[in-house]
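Here's a quick tour of the fold, chain by chain. Have a look at the model first, then read on.

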Amino acid sequence: MNEKKTAAQSQKLMVFVLTMSLYGLATLFTELIPKFQVGIVEFSVEYFLFIPLVLAILFDPMSAALGAATGELVFSEIMLGQFGGLGELEKFITVTIGVYIAGRMVRNPKNTRMVGIAAITGTALQLFMGMAVDILKVQFAVSDFEAVPGLPESVFATEGFAFLNDLLFSGILFCLLPTLFLVPRLYGKIEPLLGMRPRTEETSLGGISGKAVLGVLIGFAAAVGAEMLAESGLPLIDWEASWAESGTAMAAGLVAAAAMAVIVLLIIRRNAEVQKSRA
Amino acid sequence: MEGLKRKLSESILDKFSMDFLRNQVLKNAYGNDDTVIARLDPRALLVWYLFFAIAPWFSDNLIFLAACFFLVAATTLLARVAGLVLFLFGIGVFAQTGYLFLVSLFFGGNAQTILPLLVLTLKVAAVSLASITVFSGLDPDRLSNGLMWFGCPERLSFSISYAYRMLPMLMEEFQNVLLSYRLRGRAPDTETFAGKIKNLIYQVKVIIHAFYPLMLNTAKRSRTTVEALELKGYRYAAVNKEVKRMKLASLHMTYDDFLFLAVSVFWIAAAVLLNTLV
């Protein structure tokens, strides 16, 4: 009976590809469309999270969540060259967690109220984790964070405000309402296209288990850890301090070695070219 | 005067059409495979990127940060990145820190606040220019090969290759669905202010509704894709070492790659030297 319960591997791959292309396309547009602000309220079409939410509610949540995070990474970050290193890891993890939790919460997609609750919970979770990580990021990037006048308060205020703004504006308009609109319409129609049966009470993965919560906590810790690397990377800072002292000789040596390497490589390259043209 | 104004706004709107966006994205992805950066070995570039993505975060030294910034700015020029991407980068960097500065003024910040923020801007700018160089300078296939060599999951390389191939088609389809919605619907009158608001809501609604047929179509397409992959034994090949070796056989380190790395090291070492002398 086990095959009936969980989707086959190839079907998981289908869900992954589907979510990746759709959410990737949407985030690509949001990256390109400029935001505009009215007063301090930001109106951005930033949030197309309803796409992975709908798909996570209808299909396998884990594949949809990973697909969404990968899609965003590949389409809007890597293709546009906006890849921001460690920061993207944080986004990847928070999107995955938010979508996965929302997908696991819904046992029966026909239950509209549960779908609504799941959609807004997933969004809020993702936004909240994003906010927490953002605050930490500024704290570590700016040295003497507390000492700079006005900076701590302003960071808390802007981030907190952005969180509420995103949740109340984008969260409701672009996550909750579209999800409520799309789930009942797609239910029973999109599953046959992937060769699956619609999710029912019996075939759902069940509610959120302790294992899932644990996984989420570990994931969030990893997201924070990625950002905190700057703080815990103490040996690196020590190393910096040591060359600042013993200093000039070592730096001069480095410069000389690098200059040597450049010259030698230039000569080798010329020789290779000459040989090639002779041959 | 009135005519000029209308003409100006029209030309700006023209520039920002769907086709313009599509062209810029495609140009960024495929358009520049003949640059110096694109010819480098992806592995060398990724190692290079790893340094410039991480090192600036750890340093508060102005000379070092400025050196990093100038180097990555030079490589960005060499990679001939599409204009739109650079424009977005500029907005992203300066909007973020500028906004933060304004708010901190509000909370009793002063001119002293601006220095740490400048350092932050420099860091962010250096890191993101490095990523622009690597990720839009490189051909997608070379990029995914490079990532695979470093042991990134096969899923990611697959996603990158797939995304670059499918994107033009997806964009066209999305545009078609949108246009057909517009043809059938009736947009609100935009003469009055209330009409403008209504129009905005209408546009957003159309975009969201457009995802309904798009989801169904893409579902069909992704099933076809996955079935085709299965026929070719993709999931078996993805974990097979022999296949990976064959795939990566095309990568060669050349003198140019070493030269590129050596010049970068030289530049950074020179900055460090300068720093100890000052």
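Helices (H or I, at least four residues) and strands (E, at least two) are DSSP runs here, numbered from the N terminus. Chain B, by contrast, has 13 helices and zero strands.

A word on ground rules: this is a predicted model, where local features need pLDDT of at least 70 and side-chain atom pairs count only at pLDDT 80 or more, while totals for chains, interfaces and linings use all residues. Residues are numbered from 1 along each chain as its sequence is written, with chains lettered from A and ligands numbered from 1 in the order in which they are written.

The table puts the two chains side by side. A residue is buried if 20 or more other C-beta atoms lie within 10 Å of its own (exposed if 12 or fewer, partly exposed in between), with C-beta atoms placed from the backbone.

| Chain | Residues | Buried |
|---|---|---|
| Chain A | 279 residues | 39% buried |
| Chain B | 278 residues | 34% buried |

Contacts (C-beta atoms, placed from the backbone, within 7 Å) come next. Taking contacts in chain A between residues at least 6 apart in sequence, 79% join residues at least 24 apart.

Now for single helices. The expected span of a helix is 1.5 Å times one less than its number of residues. Helix H4 of chain A (residues 61-78) has 18 residues and should span 26 Å; its end C-alpha atoms lie 24 Å apart, which agrees. H4(A) is largely enclosed by the rest of the structure, because 18 of its 18 residues are buried.

Over in chain B, helix H5 (residues 62-79) reaches 26 Å from first C-alpha to last, close to the 26 Å expected for its 18 residues. Its buried residues include B:Phe64, B:Leu65, B:Cys68 and B:Phe69. Just after H5(B), B:Arg80 takes a positive phi of about 45 degrees.

How do H4 (residues 42-58) and H8 (residues 140-149) of chain B pack, and at what angle? Their axes are 8 Å apart, at about 70 degrees (axes are lines fitted to C-alpha atoms, for helices over the stretch in contact, and angles run from 0 to 180 degrees between N-to-C directions). That makes H4(B) roughly perpendicular to H8(B) (65 to 115 degrees). H4(B) brings B:Pro42, B:Arg43 and B:Leu46 to the contact, and H8(B) brings B:Arg142, B:Leu143, B:Asn145, B:Gly146 and B:Trp149.

Methods: Angles under 35 degrees count as roughly parallel, over 145 as roughly antiparallel, 65 to 115 as roughly perpendicular and the rest as oblique. Two residues are in contact if their C-beta atoms, placed from the backbone, lie within 7 Å.
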